[in-house]
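I opened a new notebook page today.

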Amino acid sequence: MGGGELRITAGWTVAGIIALALIVSVGLTLSDMRLASSQTITLVAKRSEVEVPLDDPFARVWNRANPVEAPLSAQNITPPKGGGDRTITARALHDGERLYILMEWDDDSEDLLVSRQAEFSDAAAVQFPVAPGENVPAFCMGDPTSPVNIWQWKAAWQADMEQGFVDVQDAYPDMQVDLYPFEEEAEFYPARAVGNVFAQDDRTTAVDNLLAGSFGTLTQAPDQVVQGTGVWRDGSWRLVFARDLNVGEDYSQFAEEESTNIAFAVWDGARGERDGIKSVSQFLTLEVSPDVAEPGGGVTVWIIVVVVLGAVALTLVLALYGRQRQNG
Amino acid sequence: MAKVYNWQLGREMDYRFPEAHPQWQFAAVFNINRCIACQTCTMACKSTWTFSRGQEFMWWNNVETKPYGGYPHHWDVKLLQLLEEANPGGQVWNGAQQGDRQPYGIYQGQTIFEAAAEAGNETALGYLPTEQEWTAPNLYEDTAKGPQGARNKLHSEGTRLPEHNTWFFYLQRICNHCTYPGCVAACPRNAIYKRPEDGIVLIDQERCRGYRKCVEQCPYKKSMYRPNMRVSEKCVGCYPRVEGSDPLTKGIPMEARCMATCVGKIRMQGLVRIEDGDWAEDASNPLYYLVRKERVALPLYPQFGTEPNIYYIPPRWVPRPYLRQMFGPGVDEAIDRYTNPSRELQAVLQLFRASQKIIFRYEIEEGEKVLDTEINGRPFQMYNDTVIGFDKEGNEAVRLSLEEPFHVRSEQYQNSI
Ligand code: SF4
Ligand code: SF4
């Protein structure tokens, strides 16, 4: 056994590793899968030539969009604090007119109601700077000079739309009350009478369009222009948001070939999460691309599997070859 | 966290917002000794404010039997336990009285705000009652406390003063329209505010998003969630009456409904003037007199730290350790003064529930001595003084003498109804 042979073996192993790395990176580039670790993650919304249905977050068209994973963690800046570590998967598409954002996250239970005293609804939100640019707002609720536009989807609102407004007699079917005086008079339903959107019994969307310029300033926007549908299946939510690309300067702006930022938040109703008790991500980059979203985004996983298997096989072959040469 | 002065604790404490005080403060004195638990107050409130769908469980005013009763169930025991766990053995007072700014001494324990500060996740220590806890609002009605450690037994010497061995009492509860409200501090939306004109605490029905942080962090559990409005509601202090917009009094401020309907005449509500963050000295205001001068009425659980504005004349038959826990170290002095009342106190006590109008000032016209005796081993005199209450405009609202006038029906009307 001589030094030369050792060097030869080491050389083959190094070659194997380099080849592996190359193959993986080529694979990732091909599949357009980005690794989520910092603010440099980019979510690309390609143009879809196929219709993106508003009511079906499981629609096949989403296979054309490249998934990006974003880590979320507990909101621990201002009370009430809470939430925890989670990962969401995000995808985005546009069709020249509307922007669609898809979110997916794990949640053991589907919490739809807010009718009982200690009952809270599942919810999720995306957040954008109102004005895209260099001055990225604080990821938690923005700041006074660079406000944010937040779209919050609430499972409870969706339930109101799907089942009709969930009132006390729906939550307590066996309740018995002799008489409600002045039942038809609006002032005895004060939140509804003053137009609080939470109290409205004729919802047109499950998504609340909001503006904020720091903690405690979250305010409902005058225009409720965002739509969304969530579907809970087998322990996770899939949720699609949709809004026209252009709705005026008061809200987040989107245009082809332009980038802005996007952050995500998730609330688990079963854990009493609401308001600041939430899991939040940092800002990611959101790029609205003119490229057409081709079918086959969905084969991403297969590409990765093939690439990894191929790389492992190649390394083994190279290593075996090296050993043979060493032995021979 | 800002530093604010809480005179009930005799010290500064941490609070989410810096000190900001209203011009006048809604306040009341409840004389526990007189309450008959008729719940007229409760129904007056219910039939005024909470008779609609979604408010079925809401009792902005409730009267519960202590020590076991509570709406929501065990609200105070639960919070006391949370505080004790946060600061084991440390929830104590230095009860040595130190002048008018520290009338009950100095509280050395932690308030709900201070107990939450370390973890920093919440602005105040609290909990969200379960649905079951909001049911059966008068559970344990008239249930007495017997001998320690024995179930279903009355004490053989149950009712001998100064402390009954078998005892209960009624605790009348509304929102305290606190000086440093837990609900205001808890609200991440800044949707709860204290009115500058009268200190009444209200939830902005437009801004509230139903997060229930106020329900969680009001130590008295007087903020409540209305499921079909998806927001919280609370006692509004009958603000239209306090403002004087009820047509009955033609612009003169009136007492809240629960006060004005009290059958036992245990309640007196008014407004106290605030100056430099404290009650302006105003000994002719009956509330100022009862709370700050005579000190017969005490705040409920002052150690929570919200500086509540409903004051209680403690029940004189109840074991003192229980009362000290509930009303602070001022209990012994308050009971002593109540059971051996001064001439002025005897007169002021007549003003309770004598008019619907808020009494801003009183005067006493002296009368002759009508009783000279001994009560509780101490000399006691009673004079037939006349006490006159004046409304906001300085007009006489009520006039009462200590001796109740006695009328004899003429022969002609003997049997008429
Ligand atoms: S109305 Fe007066 S006496 Fe009757 S329960 Fe209420 S506080 Fe007590
Ligand atoms: S009693 Fe509760 S609801 Fe009322 S002001 Fe105080 S903290 Fe707020």
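**Terms first.** I call a residue buried under 20% relative accessible area, exposed over 50%, and partly exposed in between (1.4 Å probe, protein chains only).

**The model.** I am reading a predicted model, where local features need pLDDT of at least 70, side-chain atom pairs count only at pLDDT 80 or more, and totals for chains, interfaces and linings use all residues. Residues are numbered from 1 along each chain as its sequence is written, chains are lettered from A and ligands numbered from 1 in the order in which they are written, and side-chain values use heavy atoms, with hydrogens and water left out. I looked up pLDDT, the predictor's confidence in each residue, from 0 to 100. Chain B has a mean of 95, and 100% of its residues reach 70 or more. I also noted ipTM 0.91 and pTM 0.87 for the model.

**Salt bridges.** I count one when a side-chain nitrogen of Lys or Arg is within 4 Å of a carboxyl oxygen of Asp or Glu. Over all chains there are 41.

**Entry one.** I found R11(B) paired with E114(B), with the closest N and O atoms 2.8 Å apart. R11(B) sits in strand β2 (residues 11-15) and E114(B) in helix α3 (residues 112-117) of chain B, 103 residues apart. I took helices (H or I, at least four residues) and strands (E, at least two) as DSSP runs, numbered from the N terminus. Are these two buried or exposed? E114(B) is buried because its relative accessibility is 15%. R11(B), at 16%, is buried too.

**Entry two.** I next checked E122(B) and K213(B), which form a salt bridge at 3.1 Å, N to O. E122(B) lies in the loop between α3 and β7 (169-173) and K213(B) in helix α5 (residues 213-217) of chain B, so the pair ties together parts 91 residues apart in sequence. K213(B) is buried at 2%.

R226(B) meets E233(B) in a salt bridge of 2.9 Å, N to O. I read 0% relative accessible area for R226(B), so R226(B) is buried. E233(B) has 4% and is buried as well.

Which residues surround ligand 2? I kept those with a heavy atom within 4 Å of the ligand. Among them are C175(B), H177(B), C178(B), C183(B), C218(B) and K234(B). The shell divides into seven nonpolar, three polar and one charged. Here Ala, Val, Leu, Ile, Met, Phe, Trp, Tyr, Cys and Pro count as nonpolar, Asp, Glu, Lys and Arg as charged, and the others, Gly among them, as polar.
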